[in-house]
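Me: I would like to learn how to read features off a model such as this one. Please start with ring pairs.

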Amino acid sequence: RIEKKVDHYKGRRDNMIARFNRVVDRSQQIIDVLKSKGYPTELVAALEEDLITLKGMIAKYGNDIDPAIRKLEEANDYNCGDSEGAFRGRFEEGRDLLKVAHADVKDIKAFFKSEIKPDIEALKDAKQLHSPSPSVQ
C-alpha cells in the first residue's frame, strides 16, 4: 500500500515539475518575442525577474518533495512488528515533509497568479500602446 502511495507521489512530482517547467519555457518564449519586437524594457525586465523567482521556487519544490518521498520509501522498508515505532516515525516525517512540498506548490500557483499573470497583462496593455492604430480615412 505504501509503495502505491510512493509511486503516486513520484508521479505527481514529475507531473508538477514538468508543468511548471512548461510555464517557464513558455514565459521565456514570450520574453524573447517581446524583446525582439521592442517592448518597454521595464515591463520585460519585470517578467524576467519573475521568471528567475519562479525557477527558484520550482527548485525549492523539488528539494522539498524528494526527501519526503525518501522518508516514505524508508518507512516501506520496515517489517511489520520488527520496527518498534520506526515505521510510524518515518511515515509521519514523510507526511510532514509532504505538507511542506504541498505548500510550495500553493506558493508557486499564487506567485503565478499574483506576479506573472499581471506582468503579462501589463505587456498586453503595452502592446495596444505599442502597435500603431489603423488610421481612419
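Me: How many aromatic pairs does the count come to?

Reply: Ring centres within 6.5 Å make a pair. By that rule this predicted model has one aromatic pair.

Me: Which rings form the pair, and how are their planes set?

Reply: Planes over 60 degrees apart count as edge-to-face. Here the rings belong to F20 and Y61; their centres are 6.4 Å apart and their planes stand at 90 degrees, so the pair is edge-to-face. The pair links distant parts of the chain, since F20 lies in helix α1 and Y61 in helix α2, 41 residues apart.

Me: Are F20 and Y61 buried or exposed?

Reply: The cut-off for buried is under 20% relative accessible area. F20 is at 6%, so F20 counts as buried. Y61 is at 4% and therefore also counts as buried.

Me: Which residues have the most contacts inside the largest nonpolar core?

Reply: They are L54, Y61 and I108, in a core of 27 residues. The elements giving two or more residues to this core are α1 (2-37), α2 (41-77) and α3 (86-130). Of these, α2 gives the most, with eleven residues.

Me: What does I108 touch, leaving out residues up to four places away in sequence?

Reply: I108 touches F20, L54, M57, I58 and Y61. Both members of the aromatic pair, F20 and Y61, are thus on the contact list of I108.

Me: Where is D104 found, and is D104 buried or exposed?

Reply: D104 is in helix α3. Its relative accessible area is 6%, and under 20% is the cut-off, so D104 is buried. Not counting residues up to four places away in sequence, D104 touches K60, Y61 and D64.

Me: How far apart are T53 and I108 in sequence and in space?

Reply: T53 and I108 are 55 residues apart in sequence, and 9.6 Å separates their C-alpha atoms. T53 sits in helix α2. With a relative accessible area of 38%, which falls between the 20% and 50% cut-offs, T53 is partly exposed.

Me: What is the pattern of elements along the sequence?

Reply: The pattern is α-α-α, with three helices and zero strands. Among contacts between residues at least 6 apart in sequence, 79% join residues at least 24 apart.

Me: How does the span of α1 compare with the expected value?

Reply: From first C-alpha to last, the 36 residues of α1 reach 52 Å, close to the 52 Å expected at 1.5 Å a residue. Buried residues in α1 include I2, V6, R13, M16, F20 and V24. After α1 comes G38, whose phi is positive, near 80 degrees.

Me: What share of the protein counts as buried?

Reply: Of its 137 residues, 27% count as buried. The accessible surface comes to about 9,400 Å², and carbon and sulfur atoms hold 51% of that.

Me: Where is confidence lowest and highest among the helices?

Reply: Confidence is lowest in α3, at a mean pLDDT of 85, and highest in α1, at 90. The protein averages 84, and 88% of the residues score at least 70. Over residues 132-137 pLDDT stays under 50, and the model has zero contacts there beyond four places in sequence.

How values were computed: Residues are numbered from 1 along each chain as its sequence is written. This is a predicted model: local features need pLDDT of at least 70, side-chain atom pairs count only at pLDDT 80 or more; totals for chains, interfaces and linings use all residues. Side-chain values use heavy atoms; hydrogens and water are left out. Helices (H or I, at least four residues) and strands (E, at least two) are DSSP runs, numbered from the N terminus. Buried means under 20% relative accessible area, exposed over 50%, partly exposed in between (1.4 Å probe, protein chains only). Contact means heavy atoms within 4.5 Å. Accessible areas come from the Shrake-Rupley method with a 1.4 Å probe; for residues, only the protein chains shown count as cover. A nonpolar core is a set of buried Ala, Val, Leu, Ile, Met, Phe, Trp, Tyr and Cys residues joined through side-chain atoms within 4.5 Å. pLDDT is the predictor's confidence in each residue, from 0 to 100. The expected span of a helix is 1.5 Å times one less than its number of residues. Rings of Phe, Tyr and Trp (its six-membered ring) pair if their centres lie within 6.5 Å; planes under 30 degrees apart count as stacked, over 60 as edge-to-face and the rest as tilted.
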